[in-house]
Amino acid sequence: MKEIVLSGIRATGQLHLGNYYGALSKFVRMQEEGVYDSNFFIADLHALTTHPDPKILHNNVKSILSEYLAAGLDPEKSTIFVQSDVPEISEMFLLLNMHVGIGELMRTASFKDKARKQLGIKTDNDNDDNIEKEIIGTDSNKRVNAGLLTYPTLMAVDILIQHADLVPVGKDQEQHLELTRRFARRFNSVYGVEYFKEPANFNFGGNAVKVPGLDGSGKMGKSEGNCIYLLDEEKVLRKKVMRAVTDEGPKAPNSPMSEPIKNLFTLLELVSTQDKVKFFTDAYNDCSIRYGDLKKELAEDIIKVTAPIRERIIDIQNNDEYLAKAVKMGAEKARARASKTLEEVREIMGIKRFF
Ligand code: ADP
Ligand code: TRP
C-alpha cells in the first residue's frame with residue numbers, strides 16, 4: 001500500500017514564490033518520486049472564509065489549477081481536484097465539528113490573525129486577550145464569520161477524509177496539522193475505534209521552509225503585498241528584486257546579518273547555486289559585498305525558475321478542455337475514497353439509514 005499524500009492551496013489569487021517553495025515544488029517532487037498515492041486540490045471552500053468576489057472566485061480556481069499543471073503536476077500521475085467537487089467533504093465537516101472545541105479554534109494563530117483583520121484591529125500581539133472580547137463584541141457592524149473559526153475543522157476533514165499520511169505544507173500550516181492530529185485522536189477515542197491515522201508534514205528531511213518577503217521582514221504572502229508571482233513578467237520581477245529592502249552594509253568583518261539581508265540570502269539559497277551563495281556570503285563577511293550585484297544575480301536566478309513555468313501557465317490557462325478533463329478525473333477518484341470514508345464515519349457515529 002502506497003502512503004497517501006494530500007495537500008491543497010486556497011483559491012485566493014496567483015501563486016507566489018512562497019507557495020511554490022513552501023508547497024507546490026514539494027507536490028511535484030513527491031509526485032515524481034512515484035512511490036506515493038498523490039492527491040492535490042484547490043481549496044475553494046476555504047477561500048470563502050475571506051469573502052472573495054463571486055465574479056473572481058472561479059478564475060482564481062482556474063489560475064491555481066493552471067499553475068499546478070504548469071509546475072509539473074500531472075493528472076495521469078496525481079489526483080488533482082477542486083474541493084467543492086467533493087460534496088462529501090462538506091457533510092463530514094458538519095460531523096467532525098461536533099467534536100471540536102470553540103476554545104481551541106479561537107486560540108489558533110491564523111484565526112486570531114484573520115479575525116483581527118476582519119475586525120480592523122491592528123496588533124500582532126498573540127497574547128492579546130481582547131481579541132476574544134472583540135469577537136464576541138456588541139458592535140453588529142463588525143463580524144468575524146464562523147467559517148473562519150471552523151477553518152481548521154474543514155482542513156482536517158480534507159485530510160482525514162482521504163486518510164492522508166503525509167501533508168506537504170509550509171511552516172505556517174503546522175498548527176493546523178497539529179489540530180488535525182488532535183481531532184483524529186479525539187474521534188478515535190470518543191468512539192473507541194482505531195479509525196483515523198495522524199498525518200505528518202513532509203519536507204524531504206529538511207525543515208519546513210519559510211520564504212521571506214522583499215520588504216525586509218516576515219514571510220512572503222498574498223495579503224502582505226510583498227510577493228514575487230510565478231506569473232510576474234521579467235521586467236516586473238527585476239524591478240521588485242532591485243527594490244528589496246537592504247541596509248547600509250557590513251561595517252566590520254563577520255558582522256551578524258540584519259533581517260532584510262538574511263532574507264535576501266534565504267532567497268538566494270533557494271534559487272541559486274551553492275557557489276554563488278558562498279561567493280556572496282564571503283563578500284559579506286569581508287565587507288566587499290555590493291547589494292546591487294547580489295540583487296541582480298538573485299533576480300536572474302529567480303527568472304530561471306519562474307520563466308518556463310510562466311510560459312506554460314499562459315498556454316494551459318487557455319486550454320479549457322484540458323483543465324476540465326484534469327479535474328473531472330481527479331474529482332471521480334477523490335470522491336470514491338471520500339464517500340467510503342463518509343459512510344464509515346456515519347456508521348461509527350451511529351447515523352443509520354432506514355432505506
Ligand atoms: P498566502 O499566505 O499567500 O495566503 P496560502 O496561505 O494560500 O498563501 O498558502 C498556500 C501554501 O503555501 C501553504 O502550504 C503555505 O504553507 C505555503 N506558503 C505560503 N506562503 C509561504 C511562505 N512565505 N513560505 C513558505 N510557504 C508558504
Ligand atoms: N490551509 C491551507 C493553506 O492556507 C490550505 C488547505 C486547506 C490545506 N485544506 C488543506 C493544505 C489540506 C493541506 C491539506 O495553505
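Local features were taken at pLDDT of at least 70 and side-chain atom pairs at pLDDT 80 or more, while totals for chains, interfaces and linings use all residues of the predicted model. Residues are numbered from 1 along each chain as its sequence is written, and chains are lettered from A and ligands numbered from 1 in the order in which they are written.

**Helix packing**

Two packed helices are described by the angle between their axes and the distance between the axes. Helices (H or I, at least four residues) and strands (E, at least two) are DSSP runs, numbered from the N terminus. Axes are lines fitted to C-alpha atoms, for helices over the stretch in contact, and angles run from 0 to 180 degrees between N-to-C directions.

Helix α4 (residues 88–97) packs on helix α15 (residues 320–349) at about 25 degrees, with the axes 9 Å apart. The two are therefore roughly parallel; angles under 35 degrees count as roughly parallel, over 145 as roughly antiparallel, 65 to 115 as roughly perpendicular and the rest as oblique. The crossing of α4 and α15 is left-handed, the term for a near helix turned anticlockwise from the far one by less than a right angle, with right-handed for clockwise. On the α4 side the contact uses E88, I89, E91, M92 and L95, and on the α15 side R335, A338, S339, L342, V345 and M349. Contact here requires C-beta atoms, placed from the backbone, within 7 Å. By class, this contact has 7 nonpolar, 1 polar and 3 charged residues. Ala, Val, Leu, Ile, Met, Phe, Trp, Tyr, Cys and Pro count as nonpolar, Asp, Glu, Lys and Arg as charged, and the others, Gly among them, as polar.

Helix α4 also packs on α9, where the axes come within 9 Å and cross at roughly 120 degrees. This pair is therefore oblique, and its crossing is right-handed. I89, M92, F93, L96 and N97 of α4 meet T153, L154, A156, V157 and D158 of α9. The α4 and α9 contact divides into 7 nonpolar, 2 polar and 1 charged.

**Ligand shells**

A residue belongs to a shell if its C-beta atom, placed from the backbone, lies within 6 Å of the molecule. Ligand 1 is surrounded by 19 residues, of which G18, G22, G170, V211 and K222 are the closest. Both β1 (3–10) and α1 (17–33) supply at least two residues of that shell, and α1 has the largest share, with 5 residues. Around ligand 2 there are 14 residues, and S7, G8, A43, M155 and D158 come nearest. Here β1 and α9 (151–160) each give two or more residues, with β1 giving the most, 5 residues.

**Loop residues**

H163 lies in the loop between α9 and β4 (166–167). Its phi is positive, about 55 degrees, although H163 is not a glycine. H163 counts as partly exposed because it has 18 C-beta neighbours inside 10 Å; 20 or more would be buried, 12 or fewer exposed, with C-beta atoms placed from the backbone.

F204 is in the loop between β5 and α11 and has a positive phi near 50 degrees. With 9 other C-beta atoms within 10 Å, F204 is exposed.

G221 is placed in the loop between β5 (200–201) and α11 (234–242). G221 is partly exposed, with 16 C-beta neighbours inside 10 Å.

Notes. Two residues are in contact if their C-beta atoms, placed from the backbone, lie within 7 Å.
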